[in-house]
Amino acid sequence: MRGPEDALIVIDVQNDFCPGGRLAVTGGDEIVGGINALMDEFSVVVLTQDWHPAGHSSFASTHGAEPFSMTQMPYGPQVLWPDHCIQGSEGAAFHPDLRTDPAQMIVRKGFRSEVDSYSAFFENDHVTPTGLGGYLTARGVKRLTVVGLALDYCVNFSAVDGAKLGFEVTVQQGLCRAIADDSLAEAMNGMAAAGVSVNG
Ligand code: VGL
Ligand code: ZN
């Protein structure tokens, strides 16, 4: 068991990111058992949930565009996704086997129509906080272990922002899955540059 300065951050292990979901990540469901087991090693456990209103600005359908095409938002370039993780839908629910009882905090993100939120700490404008940084600091947390979906997007942005906020961040890669190879390569470079440790 790790101490009160270590937190496990479980990113977006939701039905829509698992096989059969609307933005399915290959093997997304394979990590659930390992994450469940890892929860027993941490006294601070946080889950995040992608939580979009219908018609969210990150949805391709909102723009009449093709899923996985790019658009320009006021805060920068943005990938347009298939509709996913709509508030209250089955797709937005946690994978049914994910343990949620050990979590003391569940952070919902991406709930503002006009801005996406990959990171558990800041929305994609990189300035609007979710409050998680303050929560962890108030609890005396210094080190984060980050796992979940997807490694190239929400895990990556959460890990990098965590490091920027001064936490010592480790991503456990075996308990993550990625959407695509090219974005994964870029994410690995970005995490290394930010001082994030990536472990098997
Ligand atoms: C995510 C794309 C869109 C993620 C969320 O959880 O990695 N990716 N929304
Ligand atoms: Zn999303």
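Which residues coordinate the zinc ion (ligand 2)? I keep in mind that this is a predicted model. I find Asp50 through OD, His52 through NE2 and His84 through NE2, at 2.0 to 2.2 Å from the zinc ion (ligand 2).

**Zinc site, spacing.** I read the donors along the chain as D-x1-H-x31-H. Histidine 52 sits in the loop between strand E2 (44–50) and helix H2 (60–63). Histidine 84 is in the loop between strand E4 (76–79) and strand E5 (105–109), so the two histidines tie together parts that are 32 residues apart in sequence.

I looked up the angles next: the four donor atoms of the zinc ion (ligand 2) give 89 to 168 degrees. Tetrahedral would need all angles between 85 and 135 degrees. The site goes down as irregular.

**Fold.** I get five helices and eight strands for the protein. Written from the N terminus, the order is β-α-β-α-β-β-β-α-β-α-β-α-β. The radius of gyration is 16 Å, close to the 16 Å from the globule rule for 200 residues, so the protein is as compact as a globular protein of that length. I noted the span of the C-alpha trace along its principal axes as about 50 × 30 × 30 Å.

**Burial and contacts.** Of the 200 residues, 52% count as buried. The accessible surface is about 8,500 Å², and carbon and sulfur atoms hold 51% of that. I also checked how far contacts reach: taking those between residues at least 6 apart in sequence, 72% join residues at least 24 apart.

**Helix H4.** How many of the residues of helix H4 are buried? I find 12 of the 14 in residues 151–164, so helix H4 is largely enclosed by the rest of the structure. Among the buried ones are Leu151, Tyr153, Cys154, Val155 and Val160, but also Asp152, Asn156 and Asp161.

What do the buried residues of H4 pack against? My list has strands E1 (6–11), E4, E5, E6 (143–149) and E7 (168–177), plus helix H5 (181–193). E4 and E5 turn up again here, the two strands whose connecting loop holds histidine 84.

Last item: just after H4, glycine 166 takes a positive phi of about 100 degrees.

Note on methods: Residues are numbered from 1 along each chain as its sequence is written. Chains are lettered from A and ligands numbered from 1 in the order in which they are written. This is a predicted model: local features need pLDDT of at least 70, side-chain atom pairs count only at pLDDT 80 or more; totals for chains, interfaces and linings use all residues. Side-chain values use heavy atoms; hydrogens and water are left out. Donors are N, O and S atoms within 2.8 Å of the metal (3.2 Å for Na, K and Ca); water is not among the atoms, so sites may look incomplete. Four donors count as tetrahedral if all angles lie between 85 and 135 degrees; four count as square planar and six as octahedral if opposite donors are over 155 degrees apart and all others between 65 and 115; anything else is irregular. Helices (H or I, at least four residues) and strands (E, at least two) are DSSP runs, numbered from the N terminus. The radius of gyration is taken over C-alpha atoms; the globule rule is 2.2 Å times the number of residues to the power 0.38. Buried means under 20% relative accessible area, exposed over 50%, partly exposed in between (1.4 Å probe, protein chains only). Contact means heavy atoms within 4.5 Å. Accessible areas come from the Shrake-Rupley method with a 1.4 Å probe; for residues, only the protein chains shown count as cover.
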